[in-house]
Amino acid sequence: MEEITLVLLSALVVLIVLIKSWGMVSGTSGATNIPGPFAWPFIGNAGYFFGVTDGESALKAFTTMAKAFHDPLNRFWLGPKLVILVKSPKYIETLLTHKAASSKDAFFYKEVKNVTGNGVFTREGEAWQRMRKPLMNIIQPKNIGNFQGIIGKKVENMCEELQLRIDQGFFDISKYIKLCSLEVLFEAAMGVDNIGFMSGLDKYEVIHQVEEEIEEIFVSLWNWKAMTGLTKYNPGDFRELMLPHLDKMIFERKEEISSQRIDYNTDPKSYIDVVIQTAEKEQRSNYETSLLLVDFIIAGSDTQSIVIILILSLLAMHQEYQEKVYQELLSIFGHSDRKPNEDDLKKMVYLEMCLKETLRHCSPPSVARYVNEDVQIDGYFIPKGASLLFALYLPLVDPQHWERPSDFYPDHFLPEAVAKRPKGTFMPFVAGPKSCPGQLYSFQTMKTVVSTLLRRFHFTTEQKFDDLHYKYLLMREPVNPLVKISKRLPTSSS
Ligand code: HEM
């Protein structure tokens, strides 16, 4: 009797696996006509992600999967999920802005949501509009001019700390940049002059812990066990570290609002006001309210920090480009140490080319969207319910579009070179309704920080371009970039 039960149970398990896998089997022929590899029952093609242990191996696995086929679109199954990998600039641009692909796919964003709660980054529909619209208002061009003084002040503080590093050997500048970028975001977009949650703590240690947590989220996303539902990510300690302090910050802002009778509903002045307004409408607990801030803090500071860290390292490797930027800065400021204003930033044309070339090497390798209705495009059929995974990284290194794809070569962004390339080749802020709202703000911050540092310090390094390794987090993040700084002296040509 026991044996019969065992056989029946085994048969049931096999039946469930087969039913669960049916989508994959039919997917190779019926659900979509897009070419892709054979999909194994249950895991599909998640085998590409066997052995992912950190951000570096995650990027490797993703690239191997993306480069395995040469079609502009490929079909994969990651566990139960039908994924259409979008690889060519033409389809990247068309599908990112397609009305059927206006939401993020929970399959790829569930761990982010698991950690950051229900912030603007993972919201959809009306709830998303509720936060996105006022955020756009806060960081629109007419307001960000007011941020210039704040950014200048915070960079000065960082320069003071960096003075101690002059001629002191090679070091990783990341922690200085990340702290500065965080402080700028807090004051500019949130109206808070000090990072409350860091008082009494080792600020650099906090940043390190947050980074580790972000890496864990991303590694868990690109882990075959998570794709097949066998494991679930458990948020670590950083929430315990940050949330009580974010809660205090929100409490203090509420007091200010009530004592000064501030109208934060019709005209929210900072992102904290947006969060307070949203939480009230949605009747959120204090804990959930603080959590609403977390994704914005990470999206708004970590991203641009990575570009700044990388450009300093790349300019240290390429002295000729660093000198060209420096000469441009001399032509704008002479030897004065005044802070840059908005007009100065517009004149930093060569620096902007260098920043874009840096973004080519570090911008987000992929984003994902949910397909909410069937799409027919050039004979390809993409069914509702599939996920579009945009392999933004591939066109960024494709020799078809770049004269020197594997180098740091700012001339890639000369106007005539840009005009020749399809738009979808370079989309660091993506496009469509879920595109990044922080593009202008980040260029303002990046130009101000980098120009100030290059006017003060000369950067060198012993690392070579090919020595740099990258891990896959929000962006491609360089691992342990090392620079040395010395005091800038006037050059003979100046
Ligand atoms: C170089 C700097 C930056 C890059 C390359 C970048 C890139 C991106 C990308 C690719 C997305 C879409 C993500 C996805 O669909 O999964 C995004 C979204 C977002 N970014 Fe940025 N970003 C940068 C800086 C910033 C800054 C400075 C802020 C804030 C001031 C910001 C705030 C956001 C927010 C709130 C979202 C979510 C938008 C939504 O879903 O409505 N980003 N960013």
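# Reading a loop, a ligand shell and a few helices

Biologist: In which loop is the place of Asp378?

Modeller: Asp378 sits in the loop between strand E5 (375-377) and strand E6 (380-382). Keep in mind that this is a predicted model.

Biologist: Is Asp378 buried or exposed?

Modeller: Count the C-beta atoms around the residue. With 12 or fewer others within 10 Å, a residue is called exposed. Asp378 has 9 such neighbours, so it counts as exposed.

Biologist: What is the phi of Asp378?

Modeller: Its phi is positive, about 50 degrees, although Asp378 is not a glycine. Phe42 is another non-glycine residue with a positive phi, near 70 degrees. Phe42 lies in the loop between helix H1 (2-31) and helix H2 (55-67). Its count is 18 other C-beta atoms within 10 Å, so Phe42 is partly exposed.

Biologist: What does the pLDDT average over the protein chain?

Modeller: pLDDT is the predictor's confidence in each residue, on a scale from 0 to 100. Here the chain average is 88, and 90% of the residues score at least 70.

Biologist: Over which residues does pLDDT stay under 50?

Modeller: Residues 25-30. The model has 7 contacts for them beyond four places in sequence. Where pLDDT is low, the predicted coordinates should not be read in detail.

Biologist: Now the ligand. Which residues come nearest to the ligand?

Modeller: Start with the shell of residues around the ligand. There are 24 of them, and Gly300, Thr303, Val367, Cys436 and Gly438 come nearest.

Biologist: How many residues of each class are in that shell?

Modeller: The shell has 15 nonpolar, 6 polar and 3 charged residues.

Biologist: Which helices each supply at least two residues of the shell?

Modeller: Helix H13 (286-317) and helix H19 (439-456). H13 gives the largest share, 6 residues.

Biologist: What does UniProt list for Cys436?

Modeller: A record can be set beside the model. The UniProt entry, which is unreviewed, lists Cys436 under "binding site". In the model, Cys436 is found in the loop between helix H18 (415-420) and H19. Cys436 has 18 other C-beta atoms within 10 Å, so it is partly exposed. Leave aside its neighbours within four places in sequence, and Cys436 is in contact with Phe429 and Val430.

Biologist: Back to H13. How far apart are its end C-alpha atoms?

Modeller: Check a helix by its length. At 1.5 Å a residue, the 32 residues of H13 should span 46 Å. The end C-alpha atoms of H13 are 48 Å apart, which agrees.

Biologist: What separates the C-alpha atoms of Thr452 and Ile272?

Modeller: These two are 180 residues apart along the chain, and their C-alpha atoms are separated by 29 Å. Thr452 lies in helix H19. Around Thr452 there are 20 other C-beta atoms within 10 Å, so it is buried. The cut-off for buried is 20 or more. Beyond four places in sequence, Thr452 touches Val155 and Cys159.

Biologist: One last residue. Where is Lys346 found?

Modeller: Lys346 is in helix H15 (residues 342-347). With 11 C-beta neighbours inside 10 Å, Lys346 counts as exposed. Its C-alpha atom is 9.4 Å from that of Lys447, 101 residues away along the chain.

Note on methods. Residues are numbered from 1 along each chain as its sequence is written. This is a predicted model: local features need pLDDT of at least 70, side-chain atom pairs count only at pLDDT 80 or more; totals for chains, interfaces and linings use all residues. A residue is near a molecule or strand if its C-beta atom, placed from the backbone, lies within 6 Å of it. Helices (H or I, at least four residues) and strands (E, at least two) are DSSP runs, numbered from the N terminus. Ala, Val, Leu, Ile, Met, Phe, Trp, Tyr, Cys and Pro count as nonpolar, Asp, Glu, Lys and Arg as charged, and the others, Gly among them, as polar. UniProt positions are given in the numbering used here, feature names are shortened, and annotations may be inferred rather than shown by experiment. Two residues are in contact if their C-beta atoms, placed from the backbone, lie within 7 Å. The expected span of a helix is 1.5 Å times one less than its number of residues.
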